[in-house]
Amino acid sequence: MKAAFIERHGGPDVLKFGEMPDPVAGSGEVVVDIVAASVNGADWKVREGKSGQLSRFPYILGRDFSGVVSAVGDGVNDLRIGDEVFGVCDVGQEGAYAEKIAIKAAIVAKKTDRLSHVDAAALALAGLTAIRTIEGALKLRAGETILIQGGAGGVASFAIRLAKHLGARVITTASAANLTYLRDIGADEVIDYNTTDFTKAVRDCDAVFDTVGGDVALRSFAVLKPGGRAAFIASGRQAPKPDRSDVTALRPAVGRDRPHLERIVELYQAGVIPPPPVTLYSLSEAVEAHRVSEARHLRGKLVFKVR
């Protein structure tokens, strides 16, 4: 099969495109012929060797995908060859930058015919992360106010729509180029982070969802009301420690399972979550896709159209 892979850690130029062995379905697994796979910020961190994950070389990157089941392993009774599915690789597994992947059947879900493979791939990990954070870790409720940092990204834009669906008031941050886009998808207030200090403009939030990391994450505690909670996905494996004792810092556990993927389908079919804006690349263009992803100014998602 064709794949984009690395043979050492480094910058975007270490990505190669070529032949890799076809995977085989083990017990409880299926092989999926990948039609589309998305690019995530975690991918280039693994490529650089900054994720804390030990790569075995050659190593195929990529965490979420959509495609068609082409082989079924022993013990798999709920999926068949020809089923259109999407999913996110198990924690510690990657390999979606390829024409095929072997994966546990229990952590993929059937996609609806109305959802294209490209859009399913774009929504998979972003949607799983947003749902696990907004509904799981933060337990956001109707009437609450949440600040979502970095609103134009795939996870954050999904989270904005989900938070509005749950009845929350949503404030978000972005560059000037994305202010109108974020108002259009439902944000109640959008702050241009290049001209306005969010800690001066926002106060008394019930919750914060930070997708940016660094200094933004640390300063986010300031906008919380007493008893507020903040969730962080861009600050490593541990949430940053708050500088006050009356708030809670959370690092969501983004576990993989079929029910949460089916929740994505449910929200899509209900019209709550349309697919994000997508920029398409081929697997042979992985170097350029990583350069764009690493610049961190993207609206929506980067997706590889594999076949």
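Y97 is buried, at 0% relative accessibility, where buried means under 20% relative accessible area, exposed over 50% and partly exposed in between, with a 1.4 Å probe and protein chains only. The structure is a predicted model, in which local features need pLDDT of at least 70 and side-chain atom pairs count only at pLDDT 80 or more, while totals for chains, interfaces and linings use all residues. Residues are numbered from 1 along each chain as its sequence is written, and side-chain values use heavy atoms, with hydrogens and water left out.

A search of the whole structure gives two aromatic pairs. Rings of Phe, Tyr and Trp (for Trp, its six-membered ring) pair if their centres lie within 6.5 Å; planes under 30 degrees apart count as stacked, over 60 as edge-to-face and the rest as tilted. Y97 and F304 have ring centres 4.8 Å apart and planes at 75°, so this pair is edge-to-face. Y97 lies in the loop between strand 6 (84-88) and strand 7 (100-104), and F304 lies in strand 16 (residues 301-305), so the pair ties together parts that are 207 residues apart in sequence. Helices (H or I, at least four residues) and strands (E, at least two) are DSSP runs, numbered from the N terminus. F304 is also buried, at 0% relative accessibility.

The rings of F221 and F232 have their centres 5.3 Å apart and their planes at 50°, so this pair is tilted. It links distant parts of the chain, 11 residues apart: F221 is in the loop between helix 6 (214-219) and strand 13 (224-232), and F232 is in strand 13. F221 is buried with a relative accessible area of 1%, and F232 is buried at 0%.

Helix 1 spans residues 41-48, and D43, W44, V46 and R47 are buried in it. Why do they line one face of the helix? Seen down the axis of helix 1, the buried residues fall within an arc of 155°, so they line one face; the arc is that of the directions from the helix axis to the C-beta atoms. As a general point, an α-helix has 3.6 residues a turn, so residues three or four places apart point the same way. The buried residues of helix 1 pack against strand 1 (2-6), strand 2 (15-19), strand 3 (29-39), strand 4 (59-60) and helix 8 (286-295), with contact meaning heavy atoms within 4.5 Å.

Helix 1 is followed by G49, with a positive phi near 85°. In the loop between helix 1 and strand 4 is P58, which is joined to F57 by a cis peptide bond with omega about -5°.

Positive phi also occurs at K139, near 50°, in a residue other than glycine. K139 is in the loop between helix 2 (117-137) and strand 9 (145-149) and is exposed, at 53% relative accessibility. D204, not a glycine either, has a positive phi of about 55°. D204 lies in the loop between helix 5 (198-201) and strand 12 (205-210) and is partly exposed, at 42% relative accessibility.

The structure holds zero disulfides, a disulfide being a pair of cysteine sulfur atoms within 2.5 Å. C89 is buried at 0% relative accessibility, and C205 is buried with a relative accessible area of 0%.
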